[in-house]
Every structure is written in structure tokens, then in C-alpha cells.
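Here is a short note to read beside the model. Please keep the sequence open as you go through the points.

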Amino acid sequence: MLFDNLTDLRVLVETARGGSLTAAARALGVTPAAASAMLKRLETRLEVRLFERSTRAMRLTPQGQTLLDYATRALELIEE
């Protein structure tokens, strides 16, 4: 699958790392609303839920964990 925007993958990685969209937004220098929109766009494109959301935390779904593993490695390779 072709990704139009690698920032969407970075939102996934940073949300998993920081535990929230606010932390991801801060790390990426965008607003929390923009980070939320990016994550929603990624989930819509993949037709899968990547995080289980509650008022207290965000947990990766099994599909989200799989994508996180691939995305982390892909972003590392791109940075090299």
C-alpha cells in the first residue's frame, strides 16, 4: 500500500511512544486536532482501528502493534 504522507505513520509511532495524541502532537510540532486527524486518516485508509481509546489512555490493537513494528523499522530506514 502506498502512503501519501509519512507523517501519518509518524503520528502512529509517536502516539504509541508517548501514550497520547497530545504527546504525539507535541513531538511532531502540530496541534492535537491535526494529530487526531492524521491518525483517523490512517485508520480510514487501512480500514482498521489502530488504537483502543479511552478517556485515560490509548492502547494499540493487535493490528496497530503490527503496523507499529513495520512503521518503526520503515522510518528508521528512511532516516538512514
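**Notes on the charged pairs and the overall fold**

1. Start with Glu76. Glu76 is partly exposed, at a relative accessible area of 39%. The terms here are buried for under 20% relative accessible area, exposed for over 50%, and partly exposed in between (1.4 Å probe, protein chains only). Its partner is Arg73: the two form a salt bridge, with the closest N and O atoms 3.6 Å apart. A salt bridge means a side-chain nitrogen of Lys or Arg within 4 Å of a carboxyl oxygen of Asp or Glu. Arg73 is also partly exposed, at 42% relative accessibility. Both residues sit in helix H4 (residues 62-79), 3 residues apart, about one turn of the helix.

2. A word on the basis. This is a predicted model, in which local features need pLDDT of at least 70 and side-chain atom pairs count only at pLDDT 80 or more, while totals for chains, interfaces and linings use all residues. Residues are numbered from 1 along each chain as its sequence is written, and side-chain values use heavy atoms, with hydrogens and water left out.

3. How many salt bridges does a search of the whole structure find? The count is 4. Side chains of opposite charge can pair when their charged atoms come close.

4. Glu14 and Arg17 make another such pair, with the closest N and O atoms 2.8 Å apart. Both lie in helix H1 (residues 6-18), 3 residues apart, about one turn of the helix.

5. Arg53 and Glu43 meet in a salt bridge, 3.0 Å from N to O. Arg53 belongs to strand S1 (residues 51-53) and Glu43 to helix H3 (residues 32-46), so this pair ties together parts that are 10 residues apart in sequence. Glu43 is buried, at 7% relative accessibility. Arg53 is partly exposed, at 34%.

6. Look next at Asp8, in helix H1. Asp8 is buried, with 6% relative accessibility. Leaving out residues up to four places away in sequence, Asp8 touches Met38, Arg41 and Leu42. Contact means heavy atoms within 4.5 Å.

7. Check the backbone at Glu47. The phi of Glu47 is near 60 degrees, a positive value in a residue other than glycine. Most residues other than glycine have a negative phi. Glu47 lies in the loop between H3 and S1. Glu47 is exposed, at 73% relative accessibility.

8. Now the fold. The protein has 4 helices and 2 strands. These are DSSP runs, numbered from the N terminus: helices are H or I with at least four residues, strands E with at least two. Along the sequence the pattern is α-α-α-β-β-α. The radius of gyration is 12 Å, close to the 12 Å that the globule rule gives for 80 residues, so the protein is as compact as a globular protein of that length. That radius is taken over C-alpha atoms, and the rule is 2.2 Å times the number of residues to the power 0.38.

9. Some totals to finish. The C-alpha trace spans about 35 × 25 × 20 Å along its principal axes. Of the 80 residues, 31% count as buried. Among contacts with a separation of 6 or more, 47% come from residues 24 or more positions apart.
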